[in-house]
Amino acid sequence: MSLSRTLKILVLSFALVNVAMAAPTSAQIDRIQNTISTKVYCMCGCATTLKDCPDLHCPVKAKMDQIIRTDLKQGKSEKATIQDLVDIYGEKVLAAPPASGFNLTAWILPGVGLLIGLFLAITIVRRWRRPAVQSATSAAAPPMDDNVRAAVEEEMKKYVD
Amino acid sequence: MNQVGAVGLIAALVFAIYGAITGAIAGKLRSPRMLKSAQRAVLGFFVTATLAVISLEYLIYTNDFHNAYVAEHSSLALPLRYKFPVLWAGQEGSLLFWTWLLAIYIGFAVLLNRRKNRQLMPYVISISMAVATFFALADFAVANPFNTLSMASASGMTPFTPADGNGLNPSLQFHQMTIHPPLLYLGYVGFTIPFAFAMAALLTRQLGDNWIRVTRRWTMVPWMFLGTGIVLGGNWAYHVLGWGGYWAWDPVENASLLPWLGGTAFLHSVMIQEKRGMLKVWNMSLIILTFFLSIFGDFLVRSGIISSVHAFAQSDIGPWFTVFLAIVAAFSLTVLFLRLDFLKSDNRLDSIASRESGFLFNNWILLAAVLAVFWGTVFPVVSKAIENETVTVGPPFFNKVMIPIGLLLLFLTGAGPMLAWRKTSFQSIKRNFTIPLIVAGIVGIILFAEGIHGLYTWMSLFLCAFVATSIVAEFYKGARTRMKTSKEKFPSAVYNLTMRNTRRYGGYIVHFGIVLIFVGIAGQAFRFETQGLMGPGDLLHAKDYLFRCEKITSGQKENYQYVTVDLAVTKDGHAMGVMRPQKRFYIASRQPLSHIALRTNLARDLYVVMAGTDQDSGKAIVHVIINPLVQWVWIGGMIVLLGTILALIPSRIERQMADIHKHQEATVEAHHVT
């Protein structure tokens, strides 16, 4: 066997193996399709994700499933497949707004609200605490033994609630 | 009967306006005569609203399709048991239903307070009847259920009666649907009463603890109805929609969650005002917010501004609600602002490690949840208005944002009650937290060893163990103390402990129910599903289960055609019987619906849906879902309901106090007579 023929066989074998490895298996396609169908909405107007469209005979769902499957079979990534759906149906097909531009506010605001709330709660707690003068006065009272305090707390729980 | 109903509705509107005005005058002039007149207006409102409801139901039951509402939502073939729910199946009927429920609530509020809260009641009547005026007016002017059908002819418009109606939406033809909407409505509508009491307290400057004590139960009742309605709604979605889930973060679902969260925050923070005289402005703000969110929820359902599987069709009612919401916000916030000087705290905080700060942080998380759900729900509208771009905010967004918030809340559910009022010593924290943390740690290790590595799922189950142990420990400690002091046996000690302080222990039971709901939700992480085409003799594997198609049959029932597939199920070789999922096609409304087959136990649900038939092969499209732990969601919901009912029962201490008050009042009365 000549060197060039051996090389050709090697290159061909490598290409075949590569293609076989790149082409996703049916199980992989099912898995990715399942993931995508939770990330996009069915465009039939049912206002649910593609996965949860209540009409399991829905023609729009069938068409969207077909687009996803074809893309995945062609070796497109999850991201590229979702982008294809966005190109066809617009951004409203996405079950969550992309974290960019104005849509970023959708993601940021709850976190900001949480932090502002925490800041306010801490501020209120600080403001609520007794002034130093009062603390000094109360400090004059004999200190309470921890065991006694625990017993009082336990007893108070029965009445104060 | 159509005219009787129409007259009833107009009369209800007149009574509502009259009651709102006379109530305000009675409050301003402190006139008992005007108060009596306002009370009679409430009675008149209730009677006429009831008359309108009875009239509409009569038209529905007698298949009077000359009435446009009946023709739109009912049909001859509709089974009798589903005739009553037609009342709330559409915009017009449900507005009337809302008005009627409001009449019932106001009637009860007046009845139960006829000898109490004399200063507050005129304004309570005025505010609640003003709200009733809005709903009666909207029902009369925009969505009148007594409109009749007519058609154009040579001699102008002539009355028209179709031979049959369009029929009830098939997804509403389930027994849950005869309970779920009324419960939700009882929740939404009920928040009017605590709001009215709060406004009355502000207007009369009666801002002590009285309005809080009076309204606590008036808040708990709608909160209980709303919560139960939400769980039942999830149960309905699970059994009817055929996607194997119970919560999809749909805008209308969110709309019901918002006032529930607001009410939950109020029911917790109200305790700080009762015990310590703190958070007065906050409590007022929360009750205003809760009422606002209940009206906002109704607005979302009715206006059609957001697309949802549950929403009514787009209508002209949106602007009416927008104006009403603006009036509610402007009025309540103005009154609150004018009374700020009367709402100063009586006490200050003794320590950060206290029940007070626990409640404050609980409110922080609950309000963060309100903000996140609200923002996610309205964001598509905001985006459309600002960017002119339609976006969708669905489960991926809410799951990402709400799961961490939910877990924080779950932690506080366990930690908060273990803190004492005023100050908790380090010893006490150590004593109370040690056992729950040890148990949760052991559970966490076992879960990890069993292969549960998903952070949120693991964390959720870990915290469930922590909270459940802390609740059991609270009962155990309390019972042990009683056993020592009263020589009672353990079961009677637990019973007496609970009945002595129903509010506290009812609250613990509610928390326990919430824990079980979280367990059920965590189970979703292990959901498995598969689908296959099945003809007689075909097999389908789903984990340990094997399905064998026995036969496919078709036929017709009173108002639908069906195709059923009989599936023999075996698990690990053991026969489990036959499951029969069904595909229905409702004739009047021309809509299909999947009727699921379900095998359920505490560990998992076997959920089988017949999606339809394959047109080429004639085989059934069978969808199988294995849903672990779902039953705990429904059990948890029931326990929350039981806990709330228990908390509503007056405790022994409360009853003793009430007897003392009654005796004092009788003495004063006798003294006056003498």
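Predicted model: local features only at pLDDT ≥ 70, side-chain atom pairs only at ≥ 80, totals over all residues.
**Stop 1**

Two packed helices are described by the angle between their axes and the distance between the axes.

Now show side chains. On the H2(A) side of this contact, pick A:Ser26, A:Ile29, A:Asp30, A:Ile32, A:Gln33 and A:Ile36; their partners in H3(A) are A:Asp65, A:Ile68, A:Arg69, A:Leu72 and A:Lys73. Colour them by class and you get five nonpolar, two polar and four charged residues in the contact of H2(A) with H3(A).

**Stop 2: the other neighbour of H2**

The crossing of H2(A) and H4(A) is right-handed.

Which residues of H2(A) meet H4(A)? Select A:Ile32, A:Thr35, A:Ile36 and A:Lys39 in H2(A), and you will find them against A:Glu78, A:Thr81, A:Ile82 and A:Leu85 in H4(A). By class, the contact of H2(A) with H4(A) holds four nonpolar, two polar and two charged residues. Look again at A:Ile32 and A:Ile36: they are in the contact with H3(A) and also in the contact with H4(A).

**Stop 3: over to chain B**

Hop to chain B and select residues 180–190 (helix H6) and residues 210–240 (helix H8). Their axes are 7 Å apart, at an angle of about 150 degrees. H6(B) and H8(B) are therefore roughly antiparallel to each other. This crossing is left-handed.

Zoom in on the residues that meet: from H6(B) they include B:Leu183, B:Leu184 and B:Tyr188, and from H8(B) they include B:Trp218, B:Phe225 and B:Leu232. How many charged residues are in the contact of H6(B) with H8(B)? There are no charged ones, and the rest divide into 10 nonpolar and six polar.

**Stop 4: where the chains meet**

Zoom out and colour the two chains differently. The contact takes 68 residues from chain B and 48 from chain A. The buried area is about 5400 Å², and carbon and sulfur atoms give 64% of it. On the chain B side, select B:Arg348, B:Trp364 and B:Thr392, which lose the most area to chain A, together 12% of what that side buries.

**Last stop: a salt bridge**

Side chains of opposite charge can pair when their charged atoms come close. The structure holds 18 salt bridges over all chains, and one lies across the interface of chain B and chain A. Select B:Glu529 and A:Lys51 to see the pair, 2.6 Å from N to O. B:Glu529 sits in strand E3 (residues 528–534) of chain B, while A:Lys51 is in the loop between H2 and H3 of chain A.

Conventions. Residues numbered from 1 in each chain as written. Chains lettered and ligands numbered in written order. Heavy atoms only, no water. Contact = heavy atoms within 4.5 Å. Helix = DSSP H or I, 4+ residues; strand = E, 2+ residues; numbered from the N terminus. Nonpolar A, V, L, I, M, F, W, Y, C, P; charged D, E, K, R; others polar. Buried area = accessible area lost by both parts, 1.4 Å probe. Salt bridge = Lys/Arg side-chain N within 4 Å of Asp/Glu carboxyl O. Left-handed = near helix turned anticlockwise from the far one by under 90°. Axes fitted to C-alpha atoms, helices over the stretch in contact; angles between N-to-C directions. Parallel < 35°, antiparallel > 145°, perpendicular 65-115°, else oblique.
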